[in-house]
Amino acid sequence: MALRFSAHYADPLFSLGCFQTSSPGSSTQVEQVFRDIDATLSPPFSPDAIQDALTALRDQALASGYQGDKVSDAMRAVLLKKVVLGLYAKSLDLFLDEASTAQEESEWWSGVGQSNLSAALYLLQTLPHRILKVLQVLEIHRRVPQTSTLHLPRVRSVFFSNNPWQPSVFMTTLFPHLGANSLTSIRSHFSGSFRTDSRGSVLTYLELLRDRLCHYISKFTIIVTYPLRLAREECNIKRRENERIRNERAEVLGKLLGLRPKLTWLLEAPNVVEDILADREFLPDFANAVDPTTSSRLLENGAPSLFEGLHNAIFVTQAERHSSYLNNNDLRRPSRLTLLWPRLLFLPPLTLYSLKLLYASRASLIDMAQDAFEASRNFFEDWLLEPLYGVYRTIRAGGDEVMIVRPESIAADLDSLERMSLALAREKLGYDQQQLVTLSQQIRLGDFTPLLEIYEEDIKSPVKSAFTGTLLRSLFVQVQKAKVDIDQALAGIDKLLKSQELTFAFVGVAPAFAIVYTIGGFLTRLLFGRRAKYGGKRKRQSVWLAVRRIERLLLFQPKSVINRGDEDRPSDVIPPLTSGLLVLSLTHLREYALMSLPARSQLHEGFLEDVRDLEDPTLGRWEKLRVLDRMWRNWANELGWHQVAGESAS
């Protein structure tokens, strides 16, 4: 495993004061041997270092010639304690690694057996291996000598069986699980489909024909999908077998976890070799948990034989036995070459065919690439760079370059209107200078009452006024006034546009920015991946599932098949099987916290504290349920467990 479980569960015991002893002064030879062996016995304990220490202790390299030396006896006691701690730490990692591997394999087989598509792909991937085994069986049967020429060839017995409900050698070779299981599943698959219809006498001819047609279609469908059903059944059997192995290893792991208080007591005891060798609290239980088949024999042979047997069981026997069982029963997932050979077989021809098509249409592809390049260049120049330059010019010039109506033009039109109005008032109304000044002020304010009165009098006799009066001059004055009003309205619009000119400039470039941001983000995630918050949605979902699994284990504790005595335990005591399964999920939580949560943060430290509380063997079932409630209160919203739960339910 990437993270050693013993690193935070057993290695802290190494810091106890029992491993410290005074420097030997009675013999330089004893001191040198002690230093050489003691330097190698430190976490993580290597198998060679433990073996060297056991060899030295067995040969009594430290004790020979120094009988009764207290310093030498203390050194031997320290080495024995380190050996015990090293064996304990390695056994934790060994059984946790085997249980985790079995759980991963069971999840893989479960995923393959969930759908016909996955089962069909698995059947295709393993087809060469199955055919090779059939050929090997045929070769074996071909080499068997014939006892009589009156009998059929033995090869025929490979493909046919005397019992129709008994699998042939051919079927058991293709699907080995059929040889170890009865064919009740086959009988259940076919018995319902090959049943004749007794109602044919009362049905009409068309109904009978329809039923027969449906009957044969059903038979054909079952025959075609029967290999897929066998493949899915094989996956389910391997999944259940891996789950059984996981439970066995988890139960051993739970027993080892429960021995930690006894180990602590043994390590804190005085450094006396005889007391350690005569221990009847930790060592017998430890040997029985690691290898129950030989523990009694090892205990009878004495402490040296016990330590040698534990070392051999942890580093050699258990690993070989586990690997051999998985290989013999084919419980591991197929190799990567087996899983990849369909792709490796079909990918080169498809690649060559694709390259041929691309080369045949290279002209159109070149034109398409040129069009795409021109479109991209025009987009950047016309929709991104030009608007950005316009924003820069707007900020620098202040919006004075582009105007609808100039202030000078408005002032000239207003002065012309004032002169036309004053001239008309002087000639028609006979205003003096003072009255003209007053009228000029009224005109500046937009009051044309005297001129409108002249216009009202003229339109009473429009024809006469048009030829002899001032109607035309009044009309021209009003036209000029309308022009001035339009110029002033345009000036107001111009002020409004100038106040929002920068906003309009950014609005014009915003769509281009949105397109560039979207495409750039997609390409970045495609090339460099995406660093999501707290490990991403998939990891947070796996953590939510692990927390849910822990709560379910604490509420509905699984029953042990081996140890029936767990049923007599108090309700608050966690049995070894449940404790081991809890550690599997807690290891996943710890790995997530170390890899995905921000380091040196309150979230990181608090989450690891909760994981340590759940790992504590001294806490009971109800205390750990309270810890889970605390985790839901503190981390559910931050890690998005409620959203993940809703998405999983939908």
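This is a predicted model: local features need pLDDT of at least 70, side-chain atom pairs count only at pLDDT 80 or more; totals for chains, interfaces and linings use all residues.
Mentor: Let's start with a term: on a 1 Å grid over the protein atoms alone, a cavity is a set of points where a 1.4 Å probe fits but cannot get out. Residues are numbered from 1 along each chain as its sequence is written, and side-chain values use heavy atoms, leaving out hydrogens and water.

Trainee: What makes a residue part of the lining?

Mentor: A lining residue has an atom within 4 Å of a point. For the largest cavity, those residues are Phe 448, Leu 451, Leu 452, Tyr 455, Ser 474, Val 477, Gln 478 and Lys 481. They divide into five nonpolar, two polar and one charged.

Trainee: Why is the pair of Arg 249 and Glu 98 called a salt bridge?

Mentor: The rule asks for a side-chain nitrogen of Lys or Arg within 4 Å of a carboxyl oxygen of Asp or Glu. Here the closest N and O atoms are 2.8 Å apart, so the pair qualifies. Arg 249 lies in helix H11 (residues 205-258) and Glu 98 in helix H4 (residues 70-112), so this bridge ties together parts 151 residues apart in sequence.

Trainee: How do you know whether Arg 249 is buried or exposed?

Mentor: Buried means under 20% relative accessible area, exposed over 50%, and partly exposed in between (1.4 Å probe, protein chains only). Arg 249 has 13%, so Arg 249 is buried. Glu 98, at 5%, is buried too.

Trainee: And what about Arg 377 and Glu 374: why are these called partly exposed?

Mentor: Arg 377 has a relative accessible area of 38% and Glu 374 has 32%, so both fall in the middle class. They form a salt bridge as well, with the closest N and O atoms 2.6 Å apart. Both lie in helix H18 (residues 362-397), three residues apart, about one turn of the helix.

Trainee: Which residues do salt bridges that share partners join into one network?

Mentor: Glu 98, Glu 241, Arg 244, Glu 248 and Arg 249. By the salt-bridge rule, the count comes to 17.

Note on methods:
On a 1 Å grid over the protein atoms alone, a cavity is a set of points where a 1.4 Å probe fits but cannot get out, and a pocket is an open set with protein on both sides within 12 Å along at least five of seven lines; lining residues have an atom within 4 Å of a point. Ala, Val, Leu, Ile, Met, Phe, Trp, Tyr, Cys and Pro count as nonpolar, Asp, Glu, Lys and Arg as charged, and the others, Gly among them, as polar. Helices (H or I, at least four residues) and strands (E, at least two) are DSSP runs, numbered from the N terminus.
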